[in-house]
Amino acid sequence: MSDDLRQLLDIDRLIHEPARLMIATILAAAESADFLFLERETGLTRGNLSAHLSKLEQAGYINIEKTYRGKIPLTLCRLTDTGRKALKDHRARLTKYIERP
Amino acid sequence: MNEQFQQLTRRTRQYWYIDGLVELSFGGLCLTLALYFLAQALLPATSLLANLLTTGFVIILVGSGLITRKVVNTLKAHLTYPRTGYVGYSHPNKYRRILNLLVAALMGALVAALMAAAPLSAEWIPGVSGLFFAAVWLYFASRLGLVRFYVLAAFSALAGVSISLAGLPENTGLAVFYALLGAAMLVSGGITLWKYLKHTDMPGTDASIEDAL
């Protein structure tokens with residue numbers, strides 16, 4: 001196995017998971033997004049989304065801020081600089097392998 | 001996969017315009033400007049009110065802009081965010097703000113040069129305004145991929161140039177132009193809002209899963 005292909009095994013599996021990749025991509029396009037928006041855009045169930053957000057937060061890829069708008073609870077998610085870099089690196093790595101002749 | 005990434009990114013960027021509230025509010029702003037230019041056209045140039053309107057133009061413009069922004073944010077907080085969620089967008093960085101100012105200054109200088117070079121070109125102010133708004137709509141349409149913005153761009157250019165070709169006096173021409181542009185934006189925003197409300201429901205407030213985060 002070549003070194004190039006071996007590097008593929010070192011891919012960041014945390015962000016490689018499709019649901020988390022979707023969440024990170026959405027958050028990269030905005031400053032922040034709330035739970036409801038992420039739920040609708042990803043099509044994940046609330047429990048599933050919650051689990052993925054927790055994993056991303058534990059890895060330091062996103063910040064989760066719990067606040068209120070009026071009396072309604074609001075869960076705001078933001079991609080951190082670490083998360084942004086992880087997403088960028090991951091996309092670059094995938095593109096490199098997918099576009100390889 | 002790249003296409004899917006781009007689609008997700010684009011959908012997130014489009015979200016600010018999903019409900020048509022931006023067009024409705026700016027349509028209202030355009031109608032305010034139409035009333036302003038209509039008053040200028042109807043009032044004698046030497047009247048106190050006409051002078052007050054002329055000197056207060058910047059205040060009216062900035063004030064209307066601030067009110068529009070406030071109205072959009074308030075309406076979104078009541079209509080959009082409870083239905084389909086909230087997305088916050090980053091403010092333009094310093095470089096971008098300078099670039100915006102430079103483009104605005106360039107446009108102002110071009111109009112001033114046109115006026116100085118040919119005084120009759122005052123009739124062409126609606127045409128130039130129409131082309132300017134068309135360029136703005138085209139920029140947003142190509143960036144966001146929203147078809148209705150292409151329609152607004154075409155309408156804006158067509159309305160502005162037609163009014164100029166009709167040879168209406170400056171203030172009357174501008175009043176008609178802003179009235180048409182405002183009406184077009186209200187129609188576009190109204191249809192978008194109607195479709196949005198038809199396809200979205202106000203969800204319940206069960207936040208137990210969110211609370212568990």
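Is B:Phe140 buried, partly exposed or exposed, and what is its relative accessibility? At 25% relative accessibility, B:Phe140 counts as partly exposed, where buried means under 20% relative accessible area, exposed over 50% and partly exposed in between, with a 1.4 Å probe and protein chains only.

1. Basis of the note. This is a predicted model, in which local features need pLDDT of at least 70 and side-chain atom pairs count only at pLDDT 80 or more, while totals for chains, interfaces and linings use all residues. Residues are numbered from 1 along each chain as its sequence is written, chains are lettered from A and ligands numbered from 1 in the order in which they are written, and side-chain values use heavy atoms, with hydrogens and water left out.

2. Aromatic pairs. Over all chains, a search of the whole structure finds 15 aromatic pairs, where rings of Phe, Tyr and Trp (its six-membered ring) pair if their centres lie within 6.5 Å, and planes under 30 degrees apart count as stacked, over 60 as edge-to-face and the rest as tilted. B:Tyr17 and B:Phe140 form a tilted pair, 6.3 Å centre to centre and with 55° between the planes. This pair links distant parts of the chain, 123 residues apart, with B:Tyr17 in the loop between helix 1 (2-14) and helix 2 (21-42) of chain B and B:Phe140 in helix 6 of chain B; B:Tyr17, at 14% relative accessibility, counts as buried.

3. A stacked pair. The ring centres of B:Phe37 and B:Tyr178 are 5.7 Å apart and their planes stand at 10°, so the pair is stacked. B:Phe37 lies in helix 2 of chain B and B:Tyr178 in helix 8 (residues 170-199) of chain B, 141 residues apart. B:Phe37 counts as buried at 11% relative accessibility, and B:Tyr178 is buried with a relative accessible area of 10%.

4. Helix 6 of chain B. Helices (H or I, at least four residues) and strands (E, at least two) are DSSP runs, numbered from the N terminus. Helix 6 (residues 125-144) of chain B has 20 residues and reaches 28 Å from its first C-alpha to its last, close to the 28 Å expected at 1.5 Å a residue, the expected span being 1.5 Å times one less than the number of residues. Among its buried residues are B:Trp137 and B:Leu144, and the helix is followed by B:Gly145, whose phi is positive, near 70°.

5. Four strands form an open sheet in the order 2(A)-3(A)-1(A)-1(B), with antiparallel pairing, where two strands pair if DSSP finds at least two bridges between them.
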